[in-house]
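User: I would like to go through this model by asking, for each label attached to it, what grounds there are for using that label. Please set the values against the criteria as you answer.

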Amino acid sequence: MDQSDLFRFEIEDRLLDVGVKKHVSVRWEPGSGICRVGVMLHEYTWETRDEVLRRVLAFEAAHAEDVAVEVDIFPLEAATSAEYAHA
Amino acid sequence: MGQAAWHWARAEHHYKFAVEAQAQLPGYEDWVGVGVFYSALHMVHAALDREHGLPKDERHPRKHSAPVNAKVGGRGVSQLVRDIYAPAHFAYRSLFEASVRTRYDMKVLVSPYTRLLGDHQIVHDEIRKALRTQGVVLPSIR
């Protein structure tokens, strides 16, 4: 288990009660101190997107000395539907 | 005030592009998200230029993102907004995230460009306030 996994577990925990199905990916870059977070939402609305963003920023604040977050929040359709990509 | 004024002029330029893109370029409204973010970025750079208490690398940051204990170059712009211009933080980070997503799928969100322009307004108002406390008065770009 590496640091990316540990960060992912923490972020997933922080997002637990955001009431939509989601998938979290994390890539930790120790050289730059950047933690790249991807969150795929099964329901993508301003409300769900903003709540996820708030909690990921709270994660960053909790690790501010050593971690800067870049986050990407996107809908499930972006990953599963070619028609969506062309909409 | 040279660099601050230059950055402010760039902020206005990118904002005008965003407004024009939304109004005049049907089918290219997604680039509104890019324009408003880079406008916000330049507004922050204008204010940082005047923060004489910061180390040089943080008055003129070259990175969007870097933590407090970054090995080289100090904090990134996003983290400086978090630490110095807190009322603008969520709106700025929202714009940064949207500047990438806007080219893919923000159209599915309700009135995305209204929301992004609203985030831009928040950053604009907070940064103008920060500049005024530094004795710098720059005109509204909105």
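Analyst: In this predicted model, 14 residue pairs are in polar contact between chain B and chain A, both residues of each pair being at pLDDT 80 or more. The elements of chain B that give two or more residues to the side touching chain A are α4 (77-84), α5 (89-101) and α6 (112-133), and the largest share, 8 residues, comes from α5(B). By class, that side has 12 nonpolar, 7 polar and 7 charged residues.

User: What makes the meeting of A:R49 and B:E97 a salt bridge?

Analyst: The side chains of A:R49 and B:E97 meet at 2.9 Å, N to O, and the criterion asks for a side-chain nitrogen of Lys or Arg within 4 Å of a carboxyl oxygen of Asp or Glu.

User: How many residues are in contact between chain B and chain A, and what is the area buried between them?

Analyst: In contact are 26 residues of chain B and 28 residues of chain A, where contact means heavy atoms within 4.5 Å. The buried area is about 2,200 Å², of which carbon and sulfur atoms give 54%. On the side of chain B, the residues that lose the most area to chain A are B:F90, B:E97 and B:L109, together 25% of what that side buries.

User: Why do β1 and β3 of chain A count as edges?

Analyst: The open sheet has 3 strands in the order β1-β2-β3. In that sheet β1 (22-29) and β3 (68-75) each have a single partner strand, so one side of each is left without a neighbour. The twist averages 15 degrees from one strand to the next. Helix α1 (residues 3-14) of chain A packs on the sheet, touching β1 and β2, and its direction makes about 140 degrees with that of β1(A).

Conventions. Residues numbered from 1 in each chain as written. Chains lettered and ligands numbered in written order. Predicted model: local features only at pLDDT ≥ 70, side-chain atom pairs only at ≥ 80, totals over all residues. Heavy atoms only, no water. Pairing = 2+ DSSP bridges. Helix = DSSP H or I, 4+ residues; strand = E, 2+ residues; numbered from the N terminus. Axes fitted to C-alpha atoms, helices over the stretch in contact; angles between N-to-C directions. Buried area = accessible area lost by both parts, 1.4 Å probe. Polar contact = N/O pair within 3.5 Å; in protein donor to acceptor, adjacent residues only side chain to side chain. Nonpolar A, V, L, I, M, F, W, Y, C, P; charged D, E, K, R; others polar.
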